[in-house]
Structures are given as C-alpha cells and as structure tokens.
Amino acid sequence: MNAPSATTGNTPMLAVRGVKTYYGNIIALKGIDLDIHAGEIVAMIGANGAGKSTLMMTIFGDPRPREGQVLFEGRDITGMPAHEIARLNIAQSPEGRRIFGRMTVMENLQMGATVTDNAHFEEDLERVFRLFPRLKERVHQRGGTLSGGEQQMLAIGRALMSRPRLLLLDEPSLGLAPLLVKQIFDAIRELNEREKLTVFLVEQNAFHALKLAHRGYVMVNGLITLSGPGRELLQRPEVRAAYLEGGRH
Amino acid sequence: MSVLSTPSSKARFDLVSALKRALLAALVAFGLFSLMIGVRTHTGSNGALFLEGRPGLLAIMVGIVFVSTLARELILGERQIELRSLVPPALTAPLQILPKLAAPALLVFALIVPIIFYQNRYMLDLGIMILTYVMLGWGLNIVVGLAGLLDLGYVAFYAVGAYSYALLAEHFGFSFWICLPLAGILASFWGIILGFPVLRLRGDYLAIVTMAFGEIIRLVLLNFQTLTHGPDGISGIPRPSFFGLPFNNEPGGFAHTFGLHYSFTHRIVFLYYLILVLALVTNFVTIRLRRLPIGRAWEALREDEIACRSLGINTTNTKLTAFAMGAMFAGFAGSFFATRQGFISPESFTFTESAMVLAIVVLGGMGSQIGVAVAAAVMLGGFELFREFATFRMLVFGLAMVLIMIWRPRGLVATRTPSVFLRSPKEVDAEDVRRARAKSWSWRRARHD
C-alpha cells in the first residue's frame, strides 16, 4: 500500500454525488449517487443503454460530468485525466476487454504495471498467474490469439498488475460461455475475500452479478431506481421481472 | 466444386477445370504483355516515332504462361504444395539459421558496397539513395509502425531538416556537423507542432491532416521568397568535411592529409558511410526504444488507445514523443540530403516522397526494421532495374506492389518480435523478468519523476 487508507469512519472509498453526464445535448446520466466502501463488491445492473458503461467511464475521467462530483477517498477526482486517475490505484478493465492484440500476454501484463513500482513485479505476476493459471500457459502467445474467456482473464489480470485498491470491471461476462462466466466471477470473489479488494462491476448478467455482490444498484435510463444488498435485490419482483425471468443467462 | 464433394474423385485429373484456369492465366498474361512486349516504339530515319508490333514474341510469352499453368494444375491439382516438404531433412537445421543471418549479412554487404563498387559511381549513388530511404523508412516506422499514427506528411520534416541546414549554413556559416543536430531538433519541434492539433484524430482523419501539413510546409517554402528563395531553391550548400578536412585537391584537404591521390570518389564514399551510420543510429535507437517503456507505450497505443489511458499511460505525451522522434530522424536525413545535393528546392519535397516512404514502411511490414530495409532496397532498386521499361515502369511497379500485398498482406516481414521473453513458457523465471525489467524500469522511473 502506497498511502495509508483514508477510508476511516464513514467516508466511502468511492463516492459519486449527483453526477450528470451528457453526450452533446443528450443526457446519459441524470444525476447518479453511489457509494462504494472499502472491501465491498458492488454491482450495477441494468439493460442495454441504461448508462452503466457511461457511469464507469465518467468515474474514470472520460467523458467528464457536466454536474456533480466523483470522490475517491474523500478527494475530488472529477475531471482528472484518465491516466492520472489510474495512478491513484484505481484500475479499470474496460468494456470489450481491449487487450493489446499484437502484444504477448507477458507484454500485456507488463503494460498493466505501468503505474507501479517495479520492486514487486514478479510477485504481482505470480499472483495473477495463481488466479488465472491459464495465462501462465499462454504467457508468450499474442493477446489476439487467446479465446474470449482468456482475453477477459488477461484484461482483469492486466488491471490487477497495478496493485489497485479499487477495481472497476465493465461487463466481465460479456460474450462468455456460462462456465467461463462462473470462473471469472469466482476469481473476483476470491480476490475480494482473500485480499479485501474493493470491486465495482457493471453487468447485464443480473443473476450472477447480484449473487456475487454485497450491494447492488439497478439503473434504468440514466437513473438509479433501486439499491440494496445483492441477494435482497435478487428477490425483488421488479428485478426478477425485468432482468431474470425469461431466461437467466 | 465437384472434385471436392467426393473424396474418391480427388485424384482424377479435372482436365476441364485445369484448362479453364490455364486459359484465364493466359488471358491475364496477354492483357499485361500486349503493352509491355507486344508493341515497341522505334525512331524512324526521319526522326518520327513508329510502333513495331511483335506478335510472335507475345504469342511465345502467353504460350509459356498457358503451358506452365496447365502443367501446374495437372501435377498439383487441388493440392497445396508444402514448400517445407521439398527441403531434404538434413538441410532443415542449417536453413532455419538463414533468417537470423539475414540482418548481419545485409549489414556486411552494406559495409563493403563502396569497396565492391568503388569504380562505379552509379552504384554508389544508388546505394546512397537507398540508404536515405531506409533511414526515412525507419524514422517513419516509429510513427506509423510502432505508434500506429498514419502520417502522410512525413516529407515535411525531411524538408525542415534540409532547409534548416541550408539556411543555417547560408546565413551563419555553420558547418554540417553543427547543423545536423540543430536540424534534428528543429524537425522534432515541428513534429510536436503537428502533433498538437492532431492529438484527438485517428485513422483517416489523421492521414488527411498530416497530408495537408506536408503540403503547407511545401507551399510555405515555395512562397516565402525572402527566406527560402522560393522555387529557385538554395544552391551552393556547403559539402560536408571529413571532421574538418575538406574533400578537395588542395593542401590541407582529405587526400593530401592522408597521402592519397585526389579522387572525386572519396567524397561519395564518405557520403555513403555517413548515411549508413545515420541510418544505423536510427535503427539502433528504435530497437532500444522498443524495449523501453516509451516504446512499449507506443505499441500499446497502436493496439488500443482507451486501454492505454485506463492503464495510466499519458497518451498525449506518448503521441507527441512518437511524432517528435520520427520527425527528428527525418530532419537528420533532410540535412544529409541537402549536403549531398548541394542544392535544394521545394520540388524535392512533394507528396510523392511521403507516399514513397509510407509505401516502404507498409510493404516492409509495419514495425519491422529489417522489412523496411529490404523494402527500400527492393523498391528503389526495382525502380532502377525497370528503367528501360520507361513509361511502363510505373505499371510494373504497381503490379509488383499489388502482388506483394496479395502474397504478404501484412508486409514482407509480418512477424512482430516480442520485447520481453521468459525462458520457459510453463515456468515463470523470476530472474529473467527481473533482468528484462532492470533494463527498462530505471528508464521508466526517470520518465515518471
């Protein structure tokens, strides 16, 4: 840990306060309030186009919100450039994985360590390989030749290489087979339980996400309509009707 | 195809299909050869040009294509020929070393060219020209090949370098060796000037703006009469000296000092080695940079800009350094060009030059150093080789480029060498990683501080 954690008392690790984000004249986020406390897994579920990814990107500095604030450990990070936010030990695995296709797995992981001190590189590498042994087998393969699931593992592994205190995951289950989804979510749970890593994930896969998360939020059309403990949300009839019944993916 | 549907009929000669293919090949050959071989211009006794048809030769050529295609179809059929299987097993091991020897062999050849062709002024000039383009190609490779920023105005920096040297020498009497770094600095300064407005652009838009930038520089050189002498250009640019010894037939000159007979070739050979060293410096710096964090950041930027930002890479700085670095080497090459020619004018810095350098990078394989060198030699050497085709030269040239792109769509050398290796894929050897990182991380820290 680089700095003593400022998450004392009731200060949330990440706080989003009244954030409104626009794309041109179109409003995408209509005033979002959200708290993530240290050691939590928080999930945000919602349909396509609800604004989940926009929220994720707004937290990470691009696009900038027109109103409202994003606070990390009490510090205002609204409007900071993305690469500086990454240096605050917040890591993001962006939507669609976005691994470096022509670079090897090893090089991808090395890029992940851009913002850290080099003293514990091997240790971090071992940690990623312990979590995803598959990556170790493919360490010299080009990122683009990995399967979808392996690419997702690489994207998460790459984010972990920077020793984040807060990990943001945008749709880690996107386009993966059910078995792989389970594997990825197990890995996230393991990280949280063993290392007390704080995770904020945005998901369409409501069932898995809410089962995993301590707390959840439901977003509809740029507004948060429901929030509460993950398992409680799973039981709510409106959640079941909108996201679960008619096929759990 | 019926041949494919039933496995048993696979061995059967499919004469009809083979004939069809052979005919098609012959037709294509006829189309191409009818202009290149079928007609020839002659100067008559009264000085007028007349066309001579050569139907016989044309028929022979088309016939050869037809027969060889037919033979190939009948012998091989649908089977793909595996080149590897043609090599005797005893030879495979030595043959595998060949690609590794290619670069040293080329280097040795480049070093002894002036010895082999000492008497051949034409070859020496061609060698200098090829090496200039190799250097430009390697410089542009940083921008296009590594950072993935499509730059169609690269010639602008070449021009800035050339004019920097010419003007500094004209007005202040600076020597080549002082002007060389200054030209590089000025060119990279212009690289950053170009970099700022195009930071947010990618792909097609970036290409258009950089192309416009190249034209703007050329038009400024053409119209800023008081400074650049406009279309008249700048003449009488001082020649380089051998570390202070001029290449002339006077006491104190290069030949006298070393007790040699004065020869005009001394300077040519010197220029040859000068550009060879400049090109090798470009290559060396690029190879080193690729293993450093900044080089990896360039490559990551080429792959995915959003991912870069989320990993904490400052994409603004990364792009600007790529532009500045590429421009600097173009500036070096430009001042070399000025000192070699002794005369420069805006005419030497047209869009064609940018296109040529870009073609070298793309044909060579983006990001590959050896590929770019080979492509430069093939393109410029080919240009000279086909000189006798005169007007059809461009046709042949275009055809060759199309063929290369069909045969190797990612360029002559498409493979990308990783910049970090581990000894065994199963076992992560911490020592290896530490060594690889020790090299690069000290640099990275310096960059971050």
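Guide: We begin with burial. A residue is called buried when its relative accessible area is under 20%, exposed when it is over 50%, and partly exposed in between. Keep in mind that this is a predicted model. B:Arg340 has a relative accessibility of 19%, so B:Arg340 counts as buried.

Visitor: B:Arg340 forms a salt bridge with which residue?

Guide: The general idea is a Lys or Arg side-chain nitrogen within 4 Å of a carboxyl oxygen of Asp or Glu. Here the partner of B:Arg340 is B:Asp125, with the closest N and O atoms 3.9 Å apart. The two residues sit in distant parts of the chain: B:Arg340 is in helix α14 (residues 315-341) of chain B and B:Asp125 in helix α5 (residues 121-146) of chain B, 215 residues apart. B:Asp125, at 23% relative accessibility, counts as partly exposed.

Visitor: How many salt bridges are there over all chains?

Guide: The search of the whole structure gives 27. One of them joins the side chains of A:Glu126 and A:Lys136, at 3.9 Å from N to O. A:Glu126 belongs to helix α4 (residues 121-131) of chain A and A:Lys136 to helix α5 (residues 133-137) of chain A, so this pair ties together parts that are ten residues apart in sequence. A:Glu126 is partly exposed, with a relative accessible area of 30%, and A:Lys136 is partly exposed at 23%.

Visitor: Now the interface. How is its size read, and what area do chain B and chain A bury between them?

Guide: Interface size is often given as the accessible area lost when the parts come together. For chain B and chain A the value is about 3,400 Å², with 56% of it on carbon and sulfur atoms. The contact involves 36 residues from chain B and 35 residues from chain A.

Visitor: How many salt bridges and polar contacts cross the interface of chain B and chain A?

Guide: The rule finds three salt bridges across the interface. It also finds nine residue pairs in polar contact there, both residues being at pLDDT 80 or more. On the chain B side, α12 (293-303), α13 (305-310) and α18 (430-448) each supply at least two residues of the side that touches chain A. The largest share, eight residues, comes from α18(B). By class, that side of chain B has 18 nonpolar, five polar and 13 charged residues.

Visitor: Which residues are linked in a network of salt bridges?

Guide: The network links A:Glu107, B:Arg290, B:Glu299, B:Arg302, B:Glu303 and B:Arg416. Within this group, A:Glu107 pairs with B:Arg416, with the closest N and O atoms 3.0 Å apart. B:Arg302 and B:Glu303 also meet through their side chains, at 3.0 Å from N to O. B:Arg302 is buried at 15% relative accessibility, whereas B:Glu303 is partly exposed at 21%.

Visitor: What is the make-up of chain B in secondary structure?

Guide: Chain B has 18 helices and four strands. Of its 449 residues, 44% are buried. Among its contacts with a separation of 6 or more, 71% are between residues 24 or more positions apart.

Visitor: Where is B:Ser164 found, and is B:Ser164 buried or exposed?

Guide: B:Ser164 is in helix α6 (residues 155-172) of chain B. With 9% relative accessibility, B:Ser164 counts as buried. Apart from neighbours within four places in sequence, B:Ser164 is in contact with B:Ala183 and B:Leu186.

Visitor: How many disulfides are there over all chains?

Guide: By the rule, zero.

Technical notes: Residues numbered from 1 in each chain as written. Chains lettered and ligands numbered in written order. Predicted model: local features only at pLDDT ≥ 70, side-chain atom pairs only at ≥ 80, totals over all residues. Heavy atoms only, no water. Contact = heavy atoms within 4.5 Å. Buried area = accessible area lost by both parts, 1.4 Å probe. Polar contact = N/O pair within 3.5 Å; in protein donor to acceptor, adjacent residues only side chain to side chain. Nonpolar A, V, L, I, M, F, W, Y, C, P; charged D, E, K, R; others polar. Disulfide = S-S within 2.5 Å. Buried < 20%, exposed > 50% of the residue type's maximum accessible area, 1.4 Å probe, protein only.
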